[in-house]
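Colleague: I would like to learn how to read the strands, the loops and the pockets of a model. Could we go through them in turn?

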Amino acid sequence: MTQAPVNVTVTGAAGQIGYALLFRIASGQLLGQDVPVKLRLLEIPQAVKAAEGTAMELDDGAFPLLAGIDIFDDPKQAFEGTNIALLVGARPRSKGMERGDLLEANGGIFKPQGEAINAGAADDIKVLVVGNPANTNALIARSHAPDVPADRFTAMTRLDHNRALAQLSKKLGVPVTEIKKLAIWGNHSATQYPSVQHAEVAGKGVEVDQAWLENDFIPTVAKRGAAIIEARGLSSAASAASAAIDHVYTWVNGTAEGDWTSAGVVSDGSYGVAEGLISSFPVTAKNGKYEIVQGLEIDDFSRARIDASVAELVEERDTVQKLGLI
Ligand code: NAD
Ligand code: LMR
């Protein structure tokens with residue numbers, strides 16, 4: 001090991017995604033097999049003991065790349081000097097809770113975390129928001145970190161991207177590795193638009209019938225989170241952790257030539273998505289930066305779907321604005 005350890009802060013460390021995520025980070029899958037990591041775990045005071053238990057298990061893994069674990073219940077300390085922040089901990093929707101209530105409750109989490117990142121994170125900080133509603137939580141955090149470049153704040157739609165890859169792979173009978181240029185547009189919610197408009201297999205466009213797209217593929221991908229909850233009685237955790245690993249690994253190490261992936265990034269107004277919203281786009285990664293793929297033709301079907309999901313993001317933004325959270 002020649003490199004200094006990279007500081008990785010994980011919030012909600014004692015939760016189910018945390019449990020699936022931390023061991024993969026410790027084993028080198030987040031950043032690479034030659035990069036040592038120091039974990040900084042943030043939890044609410046009531047869950048610190050459970051996080052300590054997970055830390056004991058991490059110790060017991062004797063991971064060669066794990067250079068240390070610290071546990072905090074104070075965001076200011078947890079984000080001090082951090083290079084990578086995975087914001088997983090969030091307030092789940094409980095019975096009778098309206099969307100506005102959920103956004104308000106999460107404002108109480110993501111505002112102080114944004115402020116703490118602004119105050120103390122390392123200059124090269126990269127933030128991935130996983131906790132739902134991920135896009136708008138990322139917007140809240142970002143708006144309280146004015147000194148951090150906007151492109152360091154991202155929201156996770158890689159799970160949706162991976163879900164779309166898996167569904168299309170089954171339909172076409174080709175391995176996921178052969179499918180390129182799928183894209184998730186918009187919000188990480190049931191309005192998202194998984195698009196095959198530019199998808200390719202072996203350099204050729206993908207032919208699937210419209211009825212399958214509209215009645216099967218799109219709803220299956222967009223409502224997969226709910227289907228997992230229905231089947232497991234708990235929301236997706238290992239697949240979400242896996243997607244978080246993929247998101248950061250790609251961000252740091254880049255996308256392959258001729259391919260892209262999907263991520264929620266701050267809109268620069270591309271494709272008519274209002275500037276400043278954190279929306280999913282097809283993105284490439286190079287030199288540690290995600291960039292929106294430019295110049296794609298958008299057909300009428302795609303346009304309507306993208307507009308519908310972006311309209312929901314605008315609504316969420318307006319709600320948190322009214323609540324004084326951004
Ligand atoms: P969980 O309830 O098992 O764990 C959440 C943890 O966050 C808990 O341990 C809780 O104590 C902690 N927490 C709450 N407030 C906190 C705060 N202010 N600071 C630090 N920690 C805090 O939930 P989970 O299954 O791990 O899911 C976490 C989030 O990820 C949820 O919001 C879920 O909806 C979301 N999610 C997103 C995606 C995606 O694709 N973007 C996929 C799956 C789940
Ligand atoms: C998922 O996509 O699996 C989750 O975002 C679902 C949820 O509501 O937690």
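Colleague: How many bridges join β5 to strand β6?

Modeller: Keep in mind that this is a predicted model. Three bridges join β5 to β6 (residues 153-155), and the two strands run parallel. Within that pairing, valine 129 has alanine 155 of β6 as its bridge partner.

Colleague: Which strand is joined to β5 by four bridges?

Modeller: That is β4 (residues 84-87), which also runs parallel to β5. Here leucine 86 has leucine 128 in β5 as its bridge partner. The chain gets from β4 to β5 by way of helix α4 (residues 99-120), and this β-α-β crossover is right-handed.

Colleague: Which way do the side chains of strand β5 point, and are they buried or exposed?

Modeller: In a regular strand, side chains alternate between the two faces of the sheet. In β5 (residues 126-129), Lys126 and Leu128 point one way, while Val127 and Val129 point the other. All of them are buried, the lysine included.

Colleague: What should I look for in the loops?

Modeller: Look at the backbone angles. The peptide bond from asparagine 132 to proline 133 is cis, with omega near -5°. Proline 133 is in the loop between β5 and α5. Alanine 202 is not a glycine either, and its phi is positive at about 50°.

Colleague: Where are alanine 62 and alanine 202?

Modeller: Alanine 62 is in the loop between α2 (48-60) and β3 (66-72). Alanine 202 is in the loop between β10 (200-201) and β11 (204-205). Alanine 62 counts as exposed because its relative accessibility is 58%, over the cut-off of 50%. Alanine 202, at 69%, counts as exposed too.

Colleague: What is the volume of the largest pocket, and which residues are closest to its centre?

Modeller: Rolling a probe the size of a water molecule over the atoms shows where empty space is left. The largest pocket has a volume of about 1,400 Å³. It is lined by 49 residues, and the closest to its centre are Ala90, Pro92, Gly131, Asn132 and Ser235. Helix α4 gives the most to this lining, with six residues. By class, the lining has 24 nonpolar, 16 polar and nine charged residues.

Key:
Residues are numbered from 1 along each chain as its sequence is written. Chains are lettered from A and ligands numbered from 1 in the order in which they are written. This is a predicted model: local features need pLDDT of at least 70, side-chain atom pairs count only at pLDDT 80 or more; totals for chains, interfaces and linings use all residues. Side-chain values use heavy atoms; hydrogens and water are left out. Buried means under 20% relative accessible area, exposed over 50%, partly exposed in between (1.4 Å probe, protein chains only). Two strands pair if DSSP finds at least two bridges between them. A crossover is right-handed if, with the strands pointing away from the viewer, the path from the first strand over the helix to the second runs clockwise. On a 1 Å grid over the protein atoms alone, a cavity is a set of points where a 1.4 Å probe fits but cannot get out, and a pocket is an open set with protein on both sides within 12 Å along at least five of seven lines; lining residues have an atom within 4 Å of a point. Grid points are joined across faces, edges and corners, and a volume is the space filled by probe spheres set on the points. Ala, Val, Leu, Ile, Met, Phe, Trp, Tyr, Cys and Pro count as nonpolar, Asp, Glu, Lys and Arg as charged, and the others, Gly among them, as polar.
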